[in-house]
Amino acid sequence: MIHYRNRLGIELIDLHIHVGGAVAPHIMWEIAHKQGLKLPVKNYWDFWKLITATDETVNSLEEYVDIMHRWTEKIQSSPEAVERCVYSILAKEYRSSNVNQIEVRFNPMKRNKGGEMDLDHIIQAALHGMDKASLDYGVKAGLLFCLAREFPFELNEIIVRKAIKYMSWGVVGIDIAGPEKHTFEQDPDFVSYRKLFAEARAAGLGLTVHTGETNATGPTSMRQVLKDIKPERIGHGIQAVKDEALLKELAAAGTVLEICPSSNLQTKAVKDIGELKDIIFKLKEFGVKFTINTDGPYLLNSNMKKEIELLLQNEIMTEEELRAAFDLARQVSFIK
Ligand SMILES: [Zn+2]
């Protein structure tokens with residue numbers, strides 16, 4: 001008999017999970033030591049605290065992103081490390097929660113030591129880790145490359161070119177991530193981004209964008225993303241609940257929000273369970289499509305099974321609604 005590992009008794013799918021927040025601390029610890037990295041802590045338990053978001057260390061999106069920037073991206077910056085990390089994420093999601101389809105995302109240019117390492121080696125190592133996990137666990141997987149809000153256009157352009165180059169190897173989409181204080185409104189070259197995203201779409205890549213996660217990218221930024229990029233999916237997008245007209249636009253366009261409950265609670269993008277409930281109820285009321293995802297399960301000390309429990313126990317979603325959300329995730333996955 002198959003042990004389904006989650007209350008819904010079905011195989012699950014995760015569309016929004018970052019390599020920088022999803023690798024077990026013991027694996028990160030071993031990689032750091034293997035590479036001889038100088039760490040500011042002397043034992044594993046202090047290291048765990050260093051790379052896990054707790055109420056003591058993380059109370060905002062900036063602090064959350066900072067852990068990735070300062071530690072996980074640095075530790076993952078070699079082909080060998082990237083391969084092991086991607087492999088372990090897919091394997092662990094399958095073992096912990098029976099997630100059998102996963103789109104895992106990362107920025108390869110935040111893993112090549114500022115250009116010291118060859119980008120193609122980093123990318124091919126990630127693809128190799130993905131292939132190996134697919135073979136060992138039978139999971140279906142695809143890679144998404146994250147452009148960075150804080151990068152100059154030229155670097156993001158290279159990431160898109162690489163994504164197109166590696167489509168036949170298993171790169172299925174692109175995303176924009178990074179600190180939300182860098183918004184499109186501040187980018188004088190946005191015309192270039194429109195062209196770049198259009199090129200990615202024409203090549204067949206799926207498009208998703210982190211926006212509307214905190215106040216920094218509220219409804220105005222979300223509208224701009226919808227108008228200029230027209231992504232099939234949006235990472236988070238929860239700020240839309242502040243603007244009913246926008247909720248109607250999202251519902252009409254069929255844009256799918258990738259909701260990450262534990263992540264939003266930890267970064268205080270959502271202040272408590274009550275607010276999370278209000279957000280989800282509002283999305284349901286307006287017919288806005290959404291999926292449930294983990295974002296950074298190890299950084300958040302969570303997994304997909306716990307996300308489901310959180311929503312069921314607090315009567316935010318029913319089992320039936322959750323099953324429908326995972327069905328939708330399969331329909332809108334960039335993995336064909
Ligand atoms: Zn994210």
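Strand β5 (residues 206-211) and strand β6 (residues 233-236) pair in the parallel sense over 4 bridges, where strands are DSSP runs of E of at least two residues, numbered from the N terminus, and two strands pair if DSSP finds at least two bridges between them. H210 stands opposite G235 in β6. The model is predicted, so that local features need pLDDT of at least 70 and side-chain atom pairs count only at pLDDT 80 or more, while totals for chains, interfaces and linings use all residues. Residues are numbered from 1 along each chain as its sequence is written.

An open sheet of 8 strands is found, in the order β1-β2-β3-β4-β5-β6-β7-β8 and with parallel pairing. β1 (12-18) and β8 (290-292) each have a single partner strand and stand at the edges, so one side of each lacks a neighbour in the sheet.

Helices are DSSP runs of H or I of at least four residues. Helix α5 (residues 119-137) lies across β2 and β3 and runs at about 155 degrees to β3; axes are lines fitted to C-alpha atoms, for helices over the stretch in contact, and angles run from 0 to 180 degrees between N-to-C directions.

In the largest nonpolar core, of 99 residues, those touching the most other members are V86, I89, L90, V104, A126 and L143. Such a core is a set of buried Ala, Val, Leu, Ile, Met, Phe, Trp, Tyr and Cys residues joined through C-beta atoms within 7 Å, and buried means that 20 or more other C-beta atoms, placed from the backbone, lie within 10 Å of a residue's own. The largest share of this core, 8 residues, is contributed by α4.

Note on methods
Two residues are in contact if their C-beta atoms, placed from the backbone, lie within 7 Å. A residue is buried if 20 or more other C-beta atoms lie within 10 Å of its own, exposed if 12 or fewer, and partly exposed in between; C-beta atoms are placed from the backbone.
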